[in-house]
Amino acid sequence: MSESFDFVVVGKGMMGAAAARHLSLAGASVALVGPDEPEDWASHGGVFASHYDNARITRTIDADPVWARLARRSIDRYPEIADASGMDFYFESGCLIAAPAPGGDFDYLEKVERARDRLGVEAPLIGGGALAKRFPWFRFAAGHAGVHEASGAGYINPRALVRAQTKAAERQGARIIRSEVVSVSEEVEQVVVATADGRAIRAGRVLVAAGGFSLSTALLARPIDLDVKARSVLFAEVGEDDLPGFEGMPSLIVAAPEQEKSYYLLPPVAYADGKHYIKIGGDPTDRVLAGEPAVRDWFRSGGSAEAASHMDGLLSEVMPRFKPVSTHFSPCVTSFTRHGYPYIGFASERVAVLTGGNGQAAKSSDEIGRLGAMLAMEGRLNASEYETDFAVAFQ
């Protein structure tokens with residue numbers, strides 16, 4: 001089985017699906033290749049993706065102006081994606097970033113305010129007793145303040161966002177091939193993408209957007225400098241009778257000088273089992289996965305009970321009145337680049353790479369995908385409005 005396209009996007013995740021939508025929107029012939037989520041993670045032998053979840057924080061306010069702009073441009077296009085696909089994925093619950101108040105040694109909130117002001121976002125600083133009164137669900141340590149973005153922020157359902165991007169791309173003429181890619185081979189005038197079900201897909205250029213699986217030498221002949229870190233997330237079940245008490249609760253990010261005191265959590269979100277969960281993430285230590293096989297093993301492992309216990313303690317501190325009906329935890333991975341921004345560049349003459357979310361890409365994935373599509377179409381990235389060149393670093 002053989003098909004030919006202008007472009008092939010390898011990886012049907014948040015960045016890849018976004019890139020395919022933008023390529024198809026520009027009128028290009030494009031195939032988006034990647035498997036659907038496996039039903040049983042523990043027995044699955046193939047690839048995984050970190051968008052297998054129902055809740056990720058979205059907001060513009062950020063300590064880094066590049067990430068703030070990536071987010072703002074993506075959030076502004078959420079209605080466009082929803083209209084093009086007929087699918088909803090965004091929930092405007094607002095977002096609060098809490099940290100030690102400005103004026104001390106830890107200047108995180110000062111950076112957030114500067115990035116906020118550059119983009120003209122409405123997100124006031126709230127401190128002292130006003131913080132506790134405005135957000136009664138949370139208890140913060142003395143001396144904390146928060147920057148609150150009430151509109152244009154909250155959370156997205158990443159599973160639904162990928163479905164929406166994929167459906168929009170398909171409606172615009174993209175070919176969706178739900179199979180795992182086993183090799184990417186560059187030839188003189190084309191690239192051949194081979195899949196596990198025996199297809200040979202040919203294109204003038206290929207964009208590899210495979211998240212942590214971009215470590216695979218079968219996808220990129222030239223290894224990139226990418227740290228893929230094991231992560232765990234804890235889900236705390238909210239009783240049905242307790243749900244009304246959480247109405248108006250925003251997504252929360254708590255920043256601290258120490259990694260073990262930094263975390264994020266989301267308001268109650270509905271999952272496939274019909275229950276609502278408050279999700280919290282914030283691994284106290286880093287574990288770098290040594291190669292692509294280790295990434296597969298981590299997803300099959302079920303996650304870290306030790307990290308989950310730590311997050312349970314953080315949840316008890318910030319929400320002391322909340323008593324979960326049950327808790328469980330799941331594995332995830334986060335890919336970190338050398339410069340802290342996505343890699344968007346060519347790995348060879350015809351094969352480009354789009355990866356490296358650095359723990360911040362879900363909300364910003366549409367703009368990152370647009371930049372990847374621009375790179376594939378034009379052969380170079382013209383993104384002078386960003387304070388970085390998104391260059392790919394190689395091993």
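Strand S11 (residues 191-195) is largely enclosed by the rest of the structure, because 5 of its 5 residues are buried. Keep in mind that this is a predicted model.

- On one side of the pairing, S10 (residues 181-186) runs antiparallel to S11, with 5 bridges joining them.
- Valine 181 has threonine 195 of S11 as its bridge partner, and a hairpin of 4 residues connects S10 to S11.
- S11 also pairs with S12 (residues 200-208), again antiparallel, through 4 bridges.
- Here alanine 194 sits opposite alanine 200 of S12.
- The S11-S12 hairpin has 4 residues between the strands, and its glycine 198 takes a positive phi near 90°.

**Helix H6**

- The buried residues of H6 are Pro158, Ala160, Leu161, Val162, Ala164, Gln165, Thr166, Ala168 and Ala169.
- At the start of H6, asparagine 157 brings a side-chain oxygen to within 3.0 Å of the backbone nitrogen of arginine 159.
- Just after H6 comes glycine 173, with a positive phi of about 110°.

**Rings and the charges over them**

- The structure has 16 aromatic pairs.
- One of them is tryptophan 41 with phenylalanine 48, an edge-to-face pair at 6.0 Å centre to centre and 70° between the planes.
- Both tryptophan 41 and phenylalanine 48 are buried.
- Ring pairs also tie Trp41 and Phe48 into a cluster with Tyr52 and Phe299.
- Arginine 222 lies over the face of phenylalanine 394, at 3.7 Å from the ring centre.
- Lysine 229 does likewise over the face of phenylalanine 336, at 4.5 Å from the ring centre.

**Salt bridges**

- Search the whole structure and you get 30 salt bridges.
- Glutamate 367 belongs to helix H9 (residues 365-378) and arginine 77 to the loop between H2 (65-76) and H3 (78-85), so the pair ties together parts 290 residues apart in sequence.
- Glutamate 367 and arginine 77 are both buried.
- Arg77 and Glu367 also belong to a salt-bridge network that links them with Arg21, Arg73, Glu80, Asp366, Arg370 and Glu385.
- Arginine 296 meets glutamate 180 at 3.3 Å, N to O.
- That pair ties together parts 116 residues apart in sequence, because arginine 296 lies in helix H7 (residues 292-301) and glutamate 180 in the loop between S9 (175-177) and S10.
- Arginine 296 and glutamate 180 are both buried.
- Lysine 229 turns up again here, in a salt bridge with aspartate 286 (3.0 Å, N to O).
- Lysine 229 is in strand S13 (residues 226-238) and aspartate 286 in the loop between S17 (276-281) and H7, so this pair ties together parts 57 residues apart in sequence.
- Aspartate 286 is partly exposed, with a relative accessible area of 37%, whereas lysine 229 counts as buried at 14% relative accessibility.

Conventions. Residues numbered from 1 in each chain as written. Predicted model: local features only at pLDDT ≥ 70, side-chain atom pairs only at ≥ 80, totals over all residues. Heavy atoms only, no water. Buried < 20%, exposed > 50% of the residue type's maximum accessible area, 1.4 Å probe, protein only. Helix = DSSP H or I, 4+ residues; strand = E, 2+ residues; numbered from the N terminus. Polar contact = N/O pair within 3.5 Å; in protein donor to acceptor, adjacent residues only side chain to side chain. Pairing = 2+ DSSP bridges. Phe/Tyr/Trp six-rings, centres within 6.5 Å; stacked < 30°, edge-to-face > 60°. Lys NZ or Arg CZ within 6 Å of the ring centre and 35° of its normal. Salt bridge = Lys/Arg side-chain N within 4 Å of Asp/Glu carboxyl O.
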